[in-house]
Amino acid sequence: MSSPEQQPTPPAAPETSRGTAGESAPASAGPVPALPDHPPAASPSRWSRLSRGAVLAIGAGLGAAVVGACWAGVSLADGNGSDASAADASASHSVSTERTTDMEGPFSTDGTLTVTGIGAGLEPGELCSGTGGYSDIDFGTQVNVTDAAGTLVAMGDLGLGEKTELGCEFPFTVDDITPGSKFYTIEVSHRGGLTQTEEELRAGGLAFTLGD
């Protein structure tokens, strides 16, 4: 009896890749870094690196500098105010001293003597002189000032006469009058004196008249 013929074993099918024919495998990419769960913390500031004692020391130094600057400003302001006050006081003292000196030292007076009824025919402002019974009244006539005791304390003289509506007017000035008398008498030539107080003489602007 013949043995049955063995059937040939079919060749195994070649293994194919899982991808579609003709597709190339994707290029291999580098490793992707993992994202952090929280953002990186900011770098610590310079102040945070200092110890608490150092920070307090710096703050105290700044505070002292500010206070010192304030005190310096106030001191300068006070100094300027003091200087101004001192200057004002000095000026006031100087004015007071001058006034005291003026009141205690010799003083001057001035005024006019008018001789009425003379200078007929002259125009106002023209030069004139005393005539008739007033011929002693003219430019250069002496003006005497005596104190309450009758002591001659100062002398002056008349200026040039000038025609006015009233007559002939002569100006005069007397300097270096000794102060301190209760009253003074002013006399022009020998015409008799007129009594004035020291205050009136100091004020000046005296006006005397001779004639009718």
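Arg202 is partly exposed, with a relative accessible area of 23%. In this report, buried means under 20% relative accessible area, exposed means over 50%, and partly exposed lies in between (1.4 Å probe, protein chains only). The structure is a predicted model, in which local features need pLDDT of at least 70, side-chain atom pairs count only at pLDDT 80 or more, and totals for chains, interfaces and linings use all residues. Residues are numbered from 1 along each chain as its sequence is written, and side-chain values use heavy atoms, with hydrogens and water left out.

**Salt bridges**

Arg202 and Glu198 meet through their side chains in a salt bridge of 2.9 Å, N to O. A salt bridge here is a side-chain nitrogen of Lys or Arg within 4 Å of a carboxyl oxygen of Asp or Glu. Arg202 and Glu198 are 4 residues apart in helix H3, so about one helical turn separates them. Glu198 is buried, at a relative accessible area of 15%.

The count by this rule comes to 2 salt bridges. In another, the side chains of Asp136 and Arg191 meet at 2.7 Å, N to O. Asp136 lies in the loop between S2 and S3, and Arg191 in the loop between S7 and S8, so this pair ties together parts that are 55 residues apart in sequence. Asp136 is partly exposed, with 22% relative accessible area, and Arg191 is partly exposed as well, with 30%.

**Overall layout**

The chain has 3 helices and 9 strands. Helices (H or I, at least four residues) and strands (E, at least two) are DSSP runs, numbered from the N terminus. Along the sequence the pattern reads α-α-β-β-β-β-β-β-β-β-α-β. Of the chain's 212 residues, 21% count as buried.

**Strand pairing**

Two strands are taken to pair if DSSP finds at least two bridges between them.

| Strands | Sense | Bridges |
|---|---|---|
| S1 (residues 107–116) and S6 | antiparallel | 9 bridges |
| S4 and S6 | antiparallel | 3 bridges |
| S5 and S6 | antiparallel | 2 bridges |
| S7 (residues 184–188) and S8 (residues 193–196) | antiparallel | 4 bridges |

Several bridge partners can be named in S6. Thr116 has Gly167 in S6 as its partner, Gly156 has Val174 in S6, and Lys163 stands opposite Cys168 in S6. A hairpin of 3 linking residues joins S5 to S6.

S7 and S8 also form a hairpin, with 4 residues between them. Ser189, in the turn, has a positive phi of about 55°. Glu187 has Gly193 in S8 as its bridge partner.

**The disulfide**

A search of the whole structure finds 1 disulfide, a term used here for a pair of cysteine sulfur atoms within 2.5 Å. Cys128 and Cys168 form this link, with their sulfur atoms 1.9 Å apart. The pair connects distant parts of the chain: Cys128 is in strand S2 (residues 127–128) and Cys168 is in strand S6 (residues 167–177), 40 residues apart. The link is right-handed, with 100° about the S-S bond. Cys128 is buried, at a relative accessible area of 8%, and Cys168 is buried at 0%.

**Further residues**

Asn144 is placed in strand S3 (residues 142–146). With 18% relative accessibility, Asn144 counts as buried. The side chains of Asn144 and Gln142 are joined by a polar contact of 2.5 Å. A polar contact is a pair of N or O atoms within 3.5 Å; within protein, one must be able to donate a hydrogen and the other to accept it, and residues adjacent in sequence count only if both atoms are side-chain atoms.

Leu160 sits in the loop between strand S4 (152–158) and strand S5 (161–163). With a relative accessibility of 48%, Leu160 counts as partly exposed. Together with Leu127 and Phe139, Leu160 forms a nonpolar patch on the surface, with about 340 Å² of accessible area for the three together. Patches are made of residues with over 30% relative accessible area and no salt bridge, where like charges are joined within 9 Å and nonpolar side chains (Val, Leu, Ile, Met, Phe, Trp, Tyr) within 5 Å. Accessible areas come from the Shrake-Rupley method with a 1.4 Å probe, and for residues only the protein chains shown count as cover.

Gly205 is in the loop between helix H3 (198–203) and strand S9 (206–210). Gly205 is exposed, with 61% relative accessible area. Gly205 and Thr112 are 93 residues apart in sequence and 7.5 Å apart in space, C-alpha to C-alpha.
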